[in-house]
Amino acid sequence: MRFNLGLTGSIGMGKSTTAALFRDEGCAVWDADAAVHRLYAYGGAAVSEIEKRMPNAIEGGAVSRAKLKRILEADPDRLQIIERIVHPLVRQDRQAFSAAASEDIRVFDIPLLYETGSEAEFDAIACVFVDVTEQRRRVLDRGTMTEDQLAFILSKQLPIAEKKARADYLIETDTVPHARQQVQDIVRDIRKKH
């Protein structure tokens, strides 16, 4: 059996923690954000294309996330340029991971899974969620984002209610033990059915 599970949710909902819980259950886990970091790093596949269009975003042969963030704050429409460069490269990275993984269940942590139209590539989708008050607290407590930046990011993501309605599995991340139990239930269900 080779089962591909898409894992999604909105910012601050607990995707990374949940992905680690799937790894604990013997699943292979691919992380879209980590793939983007690899693409932006020195020698990364996205660097030269971004440099052609936004040379001020490059520092030391790599994409500076801080500089890119400032560029996008000044001109949010430039995000589409970045997406056209990065999304195909992320898809290639994901396909290479899938081909190399030997685990029976492969989990793909993709924040913008629905937004990029990727849901058809998976056998099922799991959506992580928490109430919006807790989501806001988690994100702002990181100290890396302002209210306005959070609002901008949320404006680019489907509402969590829509993501939940479209998902095959739901994982409430109110506590780690509760999330762990739900992940274990999902893994058991997949292995039983497939």
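Modeller: The sulfur of Cys-27 lies 17 Å from the closest cysteine sulfur, that of Cys-127, which is too far for a bond. This is a predicted model, in which local features need pLDDT of at least 70 and side-chain atom pairs count only at pLDDT 80 or more, while totals for chains, interfaces and linings use all residues. Residues are numbered from 1 along each chain as its sequence is written, and side-chain values use heavy atoms, with hydrogens and water left out.

Biologist: How do you know how many disulfides there are?

Modeller: A disulfide is a pair of cysteine sulfur atoms within 2.5 Å. Searching the whole structure gives 0 disulfides. For Cys-127 the closest cysteine sulfur is in Cys-27, at 17 Å, so the distance is too far for a bond.

Biologist: What makes Cys-27 buried or exposed?

Modeller: Its relative accessible area is 4%. Buried means under 20% relative accessible area, exposed over 50% and partly exposed in between, using a 1.4 Å probe and protein chains only. Cys-27 is therefore buried. Cys-127, with a relative accessible area of 0%, is buried.

Biologist: Which residues does Phe-108 touch?

Modeller: Contact means heavy atoms within 4.5 Å. Leaving out residues up to four places away in sequence, Phe-108 touches several residues, including Asn-4, Leu-7, Arg-94 and Phe-122. Phe-108 is in strand β5, residues 105-109; helices (H or I, at least four residues) and strands (E, at least two) are DSSP runs, numbered from the N terminus. With a relative accessible area of 2%, Phe-108 is buried.

Biologist: Why is the pair of Trp-30 and Phe-108 called tilted?

Modeller: Rings of Phe, Tyr and Trp (its six-membered ring) pair if their centres lie within 6.5 Å; planes under 30 degrees apart count as stacked, over 60 as edge-to-face and the rest as tilted. The whole structure has 3 aromatic pairs. In the pair of Trp-30 and Phe-108 the centres are 6.2 Å apart and the planes are at 50°, so the pair is tilted. Trp-30 belongs to strand β2 (residues 28-31) and Phe-108 to strand β5, so the pair ties together parts 78 residues apart in sequence.

Biologist: What makes the pair of Phe-97 and Phe-108 an aromatic pair, and which kind?

Modeller: The centre-to-centre distance is 5.7 Å and the angle between the planes is 90°, an edge-to-face pair. Phe-97 lies in helix α5 (residues 79-100) and Phe-108 in strand β5, so parts 11 residues apart in sequence are tied together. Trp-30, Phe-97, Phe-108 and Phe-122 form one aromatic cluster.
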